[in-house]
Amino acid sequence: DTPVFLLHLYDRALLNAAALRAVGYTRDTPEPPGGEITRDAKGHPTGLLLAKPNAGILYATLAKGPKLPFDYQVNSTRHFMRELNRLGVTGVIDAGGGFQNYPDDYAVIQKLADENLMTVRLAYNLFTQKPKEEKEDFLNWTRSVTYKQGDDYFRQNG
């Protein structure tokens, strides 16, 4: 009953049945531009999405899904970091992209960093999101962010 979206390297994603229902993918859903919804012999989505030629289908699908309330996002992120720690992971890099805009979409991580609750080191990259607006993004970031801003647990990387 819980929608699950698993991303693999920006080239494909796996969705469970609840996620397919949440985003509205059915037998009648047309193929989206720049991607493929794999289907079974009867034409029903299998849950495997393929990015062809880019990850547009993956980002668009994520945007259709339910969003947790902010406090739940904070709690979920803390659980996720603890699980990473349990597996021996202590540092990650956020490559940017995927319609994640700084600082708006980093409020959860910023809150955890401000409260010294980070248990995974996170270096993040600023990546333009809108074609033909790249210059504006970079100008905004140079006014609001400095290179390597942050600390050992949450740092601007590039």
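Trp141 is buried (under 20% relative accessible area, with exposed over 50% and partly exposed in between, for a 1.4 Å probe and protein chains only), its relative accessible area being 9%. The structure is a predicted model, in which local features need pLDDT of at least 70, side-chain atom pairs count only at pLDDT 80 or more, and totals for chains, interfaces and linings use all residues. Residues are numbered from 1 along each chain as its sequence is written, and side-chain values use heavy atoms, with hydrogens and water left out.

Aromatic rings of Phe, Tyr and Trp (its six-membered ring) were paired if their centres lie within 6.5 Å, planes under 30 degrees apart counting as stacked, over 60 as edge-to-face and the rest as tilted. In one of them, Phe138 and Trp141, the ring centres are 5.7 Å apart and the planes stand at 80°, so the pair is edge-to-face. Both residues belong to helix H5 (residues 134–144), where a spacing of three residues separates Phe138 and Trp141 by about one helical turn. Helices (H or I, at least four residues) and strands (E, at least two) are DSSP runs, numbered from the N terminus. Phe138 is partly exposed, at 44% relative accessibility, whereas Trp141 is buried. Tyr106, Tyr124 and Phe154 are linked into a cluster by ring pairs. Arg121 lies over the face of Tyr153, 4.9 Å from the ring centre; the criterion is that NZ of Lys or CZ of Arg is within 6 Å of the ring centre and within 35 degrees of the ring normal.

Rolling a probe the size of a water molecule over the atoms shows where empty space is left. On a 1 Å grid over the protein atoms alone, a cavity is a set of points where a 1.4 Å probe fits but cannot get out, and a pocket is an open set with protein on both sides within 12 Å along at least five of seven lines; lining residues have an atom within 4 Å of a point. Grid points are joined across faces, edges and corners, and a volume is the space filled by probe spheres set on the points.

The largest pocket has a volume of about 2,100 Å³. Its lining consists of 43 residues, of which Phe5, Leu62, Gln73, Thr77 and Gln100 are the closest to its centre. Two or more lining residues come from each of strand E1 (5–8), helix H1 (17–23), helix H2 (56–64), helix H3 (70–86), strand E5 (91–94) and helix H4 (107–114). The most, seven residues, are given by H3. By residue class (Ala, Val, Leu, Ile, Met, Phe, Trp, Tyr, Cys and Pro nonpolar; Asp, Glu, Lys and Arg charged; the others, Gly among them, polar), the pocket lining divides into 29 nonpolar, ten polar and four charged.

One cavity of 30 Å³ or more was found in the whole structure. The volume of the largest cavity is about 30 Å³. Ten residues line this cavity, with Gln100, Tyr106, Asn125, Leu126 and Phe127 nearest its centre. The cavity lining has five nonpolar, five polar and no charged residues.

Most residues other than glycine have a negative phi, and most peptide bonds are trans. Lys52 and Pro53 are joined by a cis peptide bond with omega of about 5°, Pro53 lying in the loop between strand E4 (45–51) and H2. Leu9, although not a glycine, has a positive phi of about 50°; this residue is in the loop between E1 and strand E2 (12–15) and is exposed, with a relative accessible area of 65%. Asn116 also has a positive phi, near 55°. Asn116 lies in the loop between H4 and strand E6 (121–124) and is exposed at 66% relative accessible area.
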